[in-house]
Amino acid sequence: MVQAALASGAAGRRCVFEVFTRHLPAGRRYGVVAGTGRMLEGLAAFGFGAAEIDWLRSRGIVDEPTLEFLADYRFSGDIHGYAEGEIFMPDSPVLRVEASFAEACLLETYVLSVLNHDSAIASAASRMTVAAGDRPCVEMGSRRTQEFSAVASARAAAVAGFTATSNLEAGRRWGLPTLGTAAHAFTLLHDSEEDAFEAQVRAFGPGTTLLVDTYDVETAVRRAAAIAGPELGAVRLDSGDLVEQAGEVRALLDSLGNTGTRIIVSSDLDEHAIARLQSAPVDSYGVGTKLVTGSGSPTAAMVYKLVQRTDDDGATVAVAKNAPGKSSLGGVKHPLRSLDQSGRAVAELIGVGAAPQTHGQRTRELMVPLVREGVVAAEHVGEAGVANARRRHAASLAELPPAAKRLQDGDPVLPTIFS
């Protein structure tokens, strides 16, 4: 496309692309914007080096004028978007990219790959933290996804309220709290369960977390309490009927004097399993497979569409796709969230071409500047970006009406109103 646009003379036309989703996954009432900071971090280094240019030339993929353009490529446009961690609805314009066609066009795959993945993970994570209530959720999914996705998933989960991750690389990059427990292999390595527990307590102290379901749970809990004493930090359950087992283990620990020992549960948990465990004496949840696969919805189904361009005279032209089932709405969108007097969100108001008419309604701006003339706003990247996104998610989630947080299947409860 870039080669053809350069040849036609249209590559320099100022364009506006918007990112949005036409629908949420079945049964979901809201989505969570995530990956914005990660995308911005990568944008600063987005370009084509000598190796990439040589490969494109050797394969004859594009012509020399295009190679020259790519060799000098650096994004110099503007990007606005929903703040990371923000709730979004179908048709919410979560990102707006303004630049020449050639500059903005090259970002499409990169932007969508980051936002679709991370928003899917954060949307699932949000439902899990809502189901967990005050009990913390820990991300433990690195073994269930591709290695780069594992790092990104840990970050997206943190945006949506997960308190820690087992992924050390995510901890290194973004300052996320990290923790972990022993695997069954550690117990099986030793000649007895007692030997394994004693070795772990010697290495990490009695406050460690011991995995107690390699053999017999009751026997293991008794051994753990005897070896670590009342200061035993936690025991982890990873199989069986977790509701029943948690109750039995809690009673056993209390009878042994380990009233302060916590119970951590894992084992392919999703938001529905976490909700069922609310009746059990569980202290925290370790979530892996279902989290890093979006709990059945591994993409946010976001698209990147041209909505406005200039013509040869510099005049602005609204443009839109008009395909059955995949149509788009031309013109730059200006979103606001409508709130009632108590601060609850009631609708997404989206003005097309201008700010929406509010008719005196209480509203909140949703778009924030992310990039100005190619320069990334520092508050959206690095450790600060994750912390800010986490706060934004908590505030945005608090605005939602209770019906929006239900796990039962249902349509979005915030209507999208265009004007």
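**Note on strands, rings and a helix pair**

1. Three bridges join strand β12 to strand β13 (residues 316-318), and the two run antiparallel. Strands count as paired if DSSP finds at least two bridges between them. Helices (H or I, at least four residues) and strands (E, at least two) are DSSP runs, numbered from the N terminus. Thr310 stands opposite Thr316 in β13. The hairpin of β12 and β13 has five residues between the strands, and Gly314 there takes a positive phi near 85°.

2. A word on the source. This is a predicted model: local features need pLDDT of at least 70, side-chain atom pairs count only at pLDDT 80 or more, and totals for chains, interfaces and linings use all residues. Residues are numbered from 1 along each chain as its sequence is written, and side-chain values use heavy atoms, with hydrogens and water left out.

3. Strand β12 (residues 302-310) also pairs with strand β1 (residues 14-21). Seven bridges join them, and they run antiparallel. Phe17 has Leu306 in β12 as its bridge partner.

4. Now the rings. The structure holds seven aromatic pairs. Rings of Phe, Tyr and Trp (its six-membered ring) pair if their centres lie within 6.5 Å; planes under 30 degrees apart count as stacked, over 60 as edge-to-face and the rest as tilted. Phe46 and Tyr110 form a tilted pair, because their planes stand at 35°, with the centres 5.5 Å apart. Phe46 lies in the loop between α2 (36-43) and α3 (50-59), and Tyr110 in helix α6 (residues 108-132), so the pair ties together parts 64 residues apart in sequence. Both Phe46 and Tyr110 are buried (under 20% relative accessible area; exposed is over 50%, partly exposed in between; 1.4 Å probe, protein chains only).

5. Phe48 and Tyr73 make an edge-to-face pair, 6.4 Å centre to centre with 85° between the planes. Phe48 lies in the loop between α2 and α3, and Tyr73 in the loop between α4 (64-71) and β3 (78-82), so this pair ties together parts 25 residues apart in sequence. Phe48 counts as partly exposed, at 21% relative accessibility. Tyr73 is buried, at 2%. Ring pairs link Phe46, Phe48, Phe69, Tyr73 and Tyr110 into a cluster.

6. Helix α7 (residues 147-159) packs against helix α15 (residues 382-399) at about 45°, with axes 8 Å apart. That makes α7 oblique to α15. Angles under 35 degrees count as roughly parallel, over 145 as roughly antiparallel, 65 to 115 as roughly perpendicular and the rest as oblique.

Definitions and conventions. Axes are lines fitted to C-alpha atoms, for helices over the stretch in contact, and angles run from 0 to 180 degrees between N-to-C directions.
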